Amino acid sequence: MRLSRYFMPILKENPKEAEIVSHRLMLRAGMIRQQSQGIYSWLPLGKRVLDKVNAIIRDEQNRAGAIELSMPTLQSAELWQESGRYDAYGKEMLRIKDRQDRPMLYGPTNEEMVTDIFRSSVKSYKDLPLNLYHIQLKFRDEIRPRFGTMRSREFMMKDAYSFDLTREAAEHSYNKMFAAYLRTFDRLGLRAIPMRADTGPIGGKLSHEFIILADTGESEVFCHKDFVDFDIPGEHTDFDNVEALRAIFDKWTSLYAATSEMHDEAAFNAVPEGDRLSARGIEVGHIFYFGTKYSEPMGAKVQGPDGKEHFVHMGSYGIGPTRLVPAIIEASHDDNGIIWPASVAPFDIVVINMKAGDQACDDTCELIYAALSKAGKDVLYDDTDDRAGTKFATADLIGVPVQIIAGPRAVANGEVEVKDRKTGARETMTIEAAINRFVA
Ligand code: ATP
Ligand code: MG
């Protein structure tokens, strides 16, 4: 991508409305724009990051055996009347009427709709287990939307829903998502700790919130500090192995970890004082097992091996991609801007032409840009005629992991500089060596 032809509206000044660093940096880097309170456009740079986050979430959902579909944002109130949640949900639900005066709503979550899909076609235990997910916009009319896309009214959610014949089978489905979440957050460059959680309006029996420790987090959390170094389940984890997944769950729930709603002071005080971590955290994922809470009122049942009908046991599993992007920034930035983990960076490399219009600089940059693009790298080429200082500041702000800098003096020697955004380390090398480093 040539910056001269891209759309990346950088802000020079610090936006006054931004209270936390991720919100400030997302606005300054031109990633998002607020359209009305708590409702955001994702501008091209932000969209690239969001897409990469979603690709990792999708990859791990698929690995764990979940199946992707897409459900609409607008739902009919009827389904919610069946479950009893239409009245229970309260003011967070945006209620709308269509031209025939039929009550509709903008979905805050999808338990009812997915249960309706399930009951319309699944009739036998032989079709279980089943886990269906989508990545879709939600709307919750939050009383206090704030911190940019961290807590917005319209936001994106990956929500998965599992269906099983028995409680035991449903627990295995829960453990699959538990392990998939550990892997997902790890690939996003984050350490998320599963904590015992309140089941809230979704209702249920077993529930964990996945929390990232951050000073700006809205939740108060308490846990054993060893969680910070626990091993993440590997790429070759067998998601069909009931015992292996239970062992992962047992290990990751063996020490104290709870949000303030579930906090047990006495149990926490039993943890040796030096191992206690009491901190603030950001909830990035939340999983529930809620048994037959929806399947009973909505009549979602299958025939079991005994020939009888059974209400299915369900769970639901949410991750917030539009909250994860600022959460990653909270965890990874410095005074100059964002430092993206390579896995979600909007571009892999930025090529900085310090003197656009200078033949040698132009030729060198074009050569590098073409070679790296051909090798499948996402490259941003700063070919604008801004001052070099402005270009360096922009490159640092947008946090691309590698900068290749071509200035007239180095280029005259057949060389460029390669800068690592995270460490700030700079190395001078031949043009060929710079290309080979990232093509190999
Ligand atoms: P919170 O306690 O932060 O209000 P919640 O418990 O109501 O969230 P869930 O119903 O568990 O949220 O939703 C699953 C995930 O969706 C959350 O873990 C979070 O990542 C994301 N999410 C929920 N509400 C918002 C929001 N207003 N803005 C952005 N992301 C959200
Ligand atoms: Mg929650």
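In which sense do strand β19 and β21 pair, and over how many bridges? Strand β19 (residues 349–353) and β21 pair in the parallel sense, over 5 bridges, where helices (H or I, at least four residues) and strands (E, at least two) are DSSP runs numbered from the N terminus, and two strands pair if DSSP finds at least two bridges between them. This is a predicted model, in which local features need pLDDT of at least 70 and side-chain atom pairs count only at pLDDT 80 or more, while totals for chains, interfaces and linings use all residues. Residues are numbered from 1 along each chain as its sequence is written, chains are lettered from A and ligands numbered from 1 in the order in which they are written, and side-chain values use heavy atoms, with hydrogens and water left out.

Elsewhere in the chain, an open sheet of 3 strands has the order β4-β6-β5, with antiparallel pairing. Its edge strands are β4 (74–76) and β5 (94–97), each of which pairs on one side only. The twist averages 35° from one strand to the next, the angles running from 0 to 180 degrees between the N-to-C directions of axes, which are lines fitted to C-alpha atoms, for helices over the stretch in contact. Between β4 and strand β6 (residues 103–106), which run antiparallel, there are 3 bridges, and glutamine 75 stands opposite leucine 105 in β6.

The open spaces come next. On a 1 Å grid over the protein atoms alone, a cavity is a set of points where a 1.4 Å probe fits but cannot get out, whereas a pocket is an open set with protein on both sides within 12 Å along at least five of seven lines; lining residues have an atom within 4 Å of a point. Grid points are joined across faces, edges and corners, and a volume is the space filled by probe spheres set on the points. The largest pocket holds about 1,000 Å³ of space. Its lining has 43 residues, of which Arg140, Glu209, Glu283, His286 and Arg323 lie nearest its centre. Two or more lining residues come from each of β8 (154–164), β11 (219–224), β13 (276–291), β16 (313–319) and α10 (321–331), and the largest share, 7 residues, comes from β13. By class this lining divides into 14 nonpolar, 16 polar and 13 charged residues, where Ala, Val, Leu, Ile, Met, Phe, Trp, Tyr, Cys and Pro count as nonpolar, Asp, Glu, Lys and Arg as charged, and the others, Gly among them, as polar.

About 280 Å³ of space lies in the second largest pocket. Of its 14 lining residues, Ile10, Lys12, Asp386, Thr390 and Thr394 are the closest to its centre. The second largest pocket lies between domain 1 (3–338) and domain 2 (349–439), because both give residues to its lining; the domain bounds come from an automatic or database domain assignment. Helix α12 (residues 388–398) supplies the largest share of this lining, 4 residues.

The structure also holds 2 cavities of 30 Å³ or more. The largest cavity, with about 40 Å³ of space, is lined by Glu168, Glu171, His172, Asn175, Val242 and Arg246, and α6 (167–187) and α7 (242–252) each give two or more of these residues. The second largest cavity has about 30 Å³ of space, and its lining consists of Leu3, Val350, Ile352, Leu380, Asp382, Lys391, Thr394, Ala395 and Ile398. Here β19, β20 (379–382) and α12 each give two or more residues, with α12 giving the most, 4 residues.
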